[in-house]
Amino acid sequence: MEFRSELHKRSTSSAYKDGHLYPEMVGTFRDVEEEPYALCRFLRARDFNVEQVFDMMNEHLEIWKHAKESDYYPDIDAAMGCPLSIVLTQYPVLYSGNAKEGYPVCYFHAGRLTVQGIECITTLDSIPKMMWNTMVYQVAGIFRDAAELNPDFVRCEQITVINLEGLSASQVNSRTLDVVKKANAVAECIPEMLYRCIIINAPSFFAVTWRIIRAFLDKNTSMKIELYSNKKKGQKRLTELIDENSLPSDFDGMGPSTQEILCKNSAKNGEAPPKRRIVELVSVKRGGGEGTLAFDLKPNEKMKLQVFTRSELGGHFSLYRFPEGLKSSNMTPVLEDFSVARSNNGEMTPFSADLVDDLTGAGEYTLVGKSEVKSKATEYFLVIGDVYE
């Protein structure tokens with residue numbers, strides 16, 4: 001085969017800078033994907049034109065080289081500067097289950113993506129690190145599991161489902177599109193993984209945005225994408241591909257929601273996962289403004305309450321318990337005027353603070369965040385409450 005021989009030639013010749021990376025790119029899933037199918041996957045991406053395949057690989061060579069220098073970020077928590085499970089609350093993507101024909105399914109709740117929330121915990125430049133870690137260290141195993149379920153499984157392809165429910169026009173801006181581009185740049189390094197992409201619950205204004213996004217997608221990729229604004233039609237299409245019991249409840253199915261799955265997957269080192277997770281991006285207006293979050297705890301529940309931010313000046317937090325409900329005048333202060341401030345000499349990097357390590361006591365609660373009087377812009381604080389029994 002021409003591509004195979006040319007691949008060997010260019011990977012061993014000093015005439016091709018970084019040519020030794022070509023076999024690694026093609027063999028990303030070598031543990032589960034046989035060589036002929038891997039070669040064919042790259043060839044399909046450019047209609048079996050060998051020179052165009054190498055042009056495509058050269059376009060992505062620098063990105064690949066940069067990721068390889070960091071070994072594709074095996075310790076993703078350290079690479080991103082915070083637990084991946086926290087990042088996924090703001091960039092909610094996960095693999096869960098298989099389609100009727102055996103394809104692994106990746107779910108992305110794009111309507112919950114918030115750039116301000118991401119910046120409270122990491123940098124936008126860290127999103128590709130997350131993608132590399134997923135591709136190299138997780139997806140191969142996911143394909144291996146799919147092959148065990150389906151003896152006819154030979155092509156490393158997946159179904160991606162994107163839910164736009166909750167997406168507002170204000171969310172679709174240049175910074176959000178930049179996040180999508182950064183993630184897509186990694187995906188394009190490993191072509192022809194997509195069997196089908198189903199976009200559901202598309203709002204009316206998304207038509208214009210879709211034309212922009214489609215412009216920087218690979219031609220073969222864009223042909224595999226189906227867009228549905230009608231909820232019933234989108235759900236019908238999903239259930240044609242995926243069993244209803246396997247679909248997460250927030251994707252119109254009968255299974256656990258993606259939030260429940262991500263919460264369960266957040267546990268590490270054999271620890272018990274949280275029973276549930278409260279996630280809220282609290283915005284606080286400048287000059288001493290306030291933002292609030294209300295939540296409840298049931299008997300026998302306890303909570304770890306954290307706040308993440310990149311606020312320049314920080315803020316102050318107070319927590320009040322209403323054992324008889326928020327409408328009651330019976331209120332007990334749990335935390336008053338707790339200072340959340342950076343300690344790195346003003347460097348604009350994200351930081352976090354533990355508000356309460358072991359909050360107990362049934363009832364309703366109100367968390368109040370207040371910005372510094374000197375603040376000149378709206379401040380954002382990502383509040384995470386892990387609830388255990």
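Helices (H or I, at least four residues) and strands (E, at least two) are DSSP runs, numbered from the N terminus. This is a predicted model: local features need pLDDT of at least 70, side-chain atom pairs count only at pLDDT 80 or more, and totals for chains, interfaces and linings use all residues. Residues are numbered from 1 along each chain as its sequence is written, and side-chain values use heavy atoms, without hydrogens or water. The whole structure holds 13 aromatic pairs and 27 salt bridges.

**Aromatic pairs**

- Phe206 and Trp210 both belong to helix H10 (residues 206–215), four residues apart, about one turn of the helix.
- Their rings are stacked, at 6.5 Å centre to centre with 25° between the planes. Rings of Phe, Tyr and Trp (its six-membered ring) pair if their centres lie within 6.5 Å; planes under 30 degrees apart are stacked, over 60 edge-to-face, and the rest tilted.
- Phe206 is buried at 6% relative accessibility, and Trp210 is buried at 10%. Buried means under 20% relative accessible area, exposed over 50%, and partly exposed in between (1.4 Å probe, protein chains only).
- A second stacked pair joins Tyr91 and Phe108, with ring centres 5.0 Å apart and planes at 20°.
- This pair links distant parts of the chain, 17 residues apart: Tyr91 is in the loop between helix H6 (84–90) and strand S1 (93–98), Phe108 in strand S2 (residues 104–108).
- Tyr91 is buried, with a relative accessible area of 6%. Phe108 is also buried, at 13%.
- Phe3, Tyr22 and Phe54 form a cluster through ring pairs.

**Charges over rings**

- Arg10 places its charged end over the ring of Phe54, 4.0 Å from the ring centre. The criterion is NZ of Lys or CZ of Arg within 6 Å of the ring centre and within 35 degrees of the ring normal.
- Arg196 does likewise over the ring of Tyr195, 5.5 Å from its centre.

**Salt bridges**

- Arg4 and Glu35 meet in a salt bridge at 3.0 Å, N to O. The term requires a side-chain nitrogen of Lys or Arg within 4 Å of a carboxyl oxygen of Asp or Glu.
- Arg4 lies in helix H1 (residues 2–12) and Glu35 in helix H3 (residues 35–45), 31 residues apart.
- Arg4 is partly exposed at 46% relative accessibility, as is Glu35 at 39%.
- Lys68 bridges to Glu24, with the closest N and O atoms 3.1 Å apart. Lys68 is in helix H4 (residues 50–69) and Glu24 in helix H2 (residues 22–26), so the bridge ties together parts 44 residues apart in sequence.
- Arg44 and Glu157 form a salt bridge at 3.6 Å, N to O. Both residues are buried.
- Lys275, Arg276, Asp296, Lys298, Glu301 and Glu389 are linked in a salt-bridge network.

**Second largest pocket**

- The second largest pocket holds about 690 Å³ of space. On a 1 Å grid over the protein atoms alone, a pocket is an open set of points where a 1.4 Å probe fits, with protein on both sides within 12 Å along at least five of seven lines; lining residues have an atom within 4 Å of a point. Grid points are joined across faces, edges and corners, and the volume is the space filled by probe spheres set on them.
- Its lining has 33 residues, and Thr89, Gln90, Arg112, Gln259 and Val279 are the closest to the centre.
- Strand S6 (276–284) is among the elements that each supply at least two lining residues. S6 gives the most, with seven.
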